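Keep the structure open as you read.

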Amino acid sequence: MDTETNYDVVVSGAGPVGLLLAAELTLGGARVLVVERLAEVNETIKAGGINSTTAVALYRRGLLPALTQVHEEAMNRFKEFTRARGGSEGDTPVPPPRFAGHFSGIMLRADLLDESDPAFADLGPVERVGLVPQAPLERLLGRHADRLGVEVRRQVELAGFDTDEEGVTVQLAPTDGSAPHTVHAGWLVGCDGGRSLVRKLAGFRFPGTAPEITGYQAIADMTGTEPLRGGWNTTDVGTYAYGPMPGRILTVEFDGPPADRESPVTAEELQASVRRVTGVDVTVREVRSSTRFTDNCRQADTYRSGRVLLAGDAAHVHSPFGGQGLNLGVGDAMNLGWKLALVVSGRAPVELLDTYTAERHPIGAWVLDWTRAQIAVMRPEPHSRALREVVTDLAGTVDGTTYLVKKISGVWQRYDLPGDHPLTGRSAPDLELADGTHLADHLHTGRALLLDLADDPKLRSRADGYEGLVDVLTTTCPQRPELAGLLVRPDGFTAWAADTDGAEGDPSDALRLWFGAPVGA
């Protein structure tokens, strides 16, 4: 078996999480290899949109124009669906703001959302780019990684690996019949999905709760669909969703998990489920894209074991309700990428990686419970149906809608970081600066940013010795005159903030915590 050396990190899986992680590592100076068994982007219908935290993260890397294009293309398909059902383009309802959605199939009304809530402030120009399906997003991130020089090898499977204190030896098996080979790397990250081979071989514990549903999501050619109601619907048997794209159908039945998740979904199988759940004699002529899913709900007890780490579905699985999975994985990639790059470079100790699990595991645990709650409200039995009526009533209020949307959007997320300022630990506000730029415009490099808003030479001097890791910008923010400075981590979260009253001191401790001792200290 041929052997290649050397990479800093091997990433298994070239889905959105693996590609974004590889891009973040590359921005941090790491040499990365991504391996993926598929020859092309997986076009199977999966996630249909992104939430606020994901849109903001990609905006901070300069990807908003590309996201907007994908959103507009999806919107055109939405309008096509509306016209096909007898509506005119002028009658096409405008989708609610990106951070709306549904809870357990209970649609949230945009007009009930209190957009003045402080949690929605300073998100930047990303309010209406949420209709971003997974396959186009994966292609977008693939182009982003390619521009950065990330090496992606398709039709190559990870077959196994061995670890020691110095690194990982990864066995790779090309799927095109060519000879297997190995590569050496300092680290291995499993971004290889819910049935992750990396997780299994590394011996991560994966506790959780067993599934009770079988779900289908498909794009199909169907006839007899006229009686189907658009959007999410509850029936005596289960739940279904029709649209918003032409031919898109989703069904949920509470009859246990599918006996076979590997074989392709046939037209007969999908048709039978649609008829059972909807009560409509739909005929499925052809299945163009399809997937089965369950509510299997599990989470690795840690996201790191020695030289092996997990991100995305490899670290946590759950039902797709509420569209949290893709967004959770993007958050993992943004959190891990810069930290692992710092460790690889030698500028930070390996203990920095402990903060990856510490910060991301609680958010993953919350997502699992959020999806479990939706299953409880969705069951076709009297107790759950009574509970559903209560939740529907609450969702029909301003306070209820705003609460649910804040959870779905991710704007509630905060890391437990040292410091008492209200911004510390939160995603940094997209401040509009005096020169007309926004904070996000200065985060494209993937480096941290020390923002001096009070023309304070002493503050700026704290970044001495962190060249190449921390950029420094002196400006003002007319809309927030009380702010004196911010230290924004590469993932966009605020590590330190101070007002002009000087109560928060300086960022020296935060700089050392996240970026080690300054050079020359």
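One aromatic cluster is formed by F103, W366, W370 and W412. In this predicted model, local features need pLDDT of at least 70 and side-chain atom pairs pLDDT 80 or more, while totals for chains, interfaces and linings use all residues. Residues are numbered from 1 along each chain as its sequence is written, and side-chain values use heavy atoms, without hydrogens and water.

Rings of Phe, Tyr and Trp (its six-membered ring) pair if their centres lie within 6.5 Å; planes under 30 degrees apart are stacked, over 60 edge-to-face and the rest tilted. By this rule there are nine aromatic pairs. One of them joins W338 and F515, a tilted pair with 5.8 Å between centres and 45 degrees between planes. W338 belongs to helix α7 (residues 325–345) and F515 to helix α12 (residues 508–515), so this pair ties together parts 177 residues apart in sequence. Helices here are DSSP runs (H or I, at least four residues), numbered from the N terminus. W338 is buried, at 5% relative accessible area, and F515 is buried at 1%; buried means under 20% (1.4 Å probe, protein chains only).

Now look for charges over rings, meaning NZ of Lys or CZ of Arg within 6 Å of the ring centre and within 35 degrees of the ring normal. The charged end of R199 sits over the ring of F206, 3.6 Å from its centre. K407 lies over the face of W412, 5.0 Å from the ring centre, and W412 is also part of the aromatic cluster.

Key: Helix = DSSP H or I, 4+ residues; strand = E, 2+ residues; numbered from the N terminus. Buried < 20%, exposed > 50% of the residue type's maximum accessible area, 1.4 Å probe, protein only.
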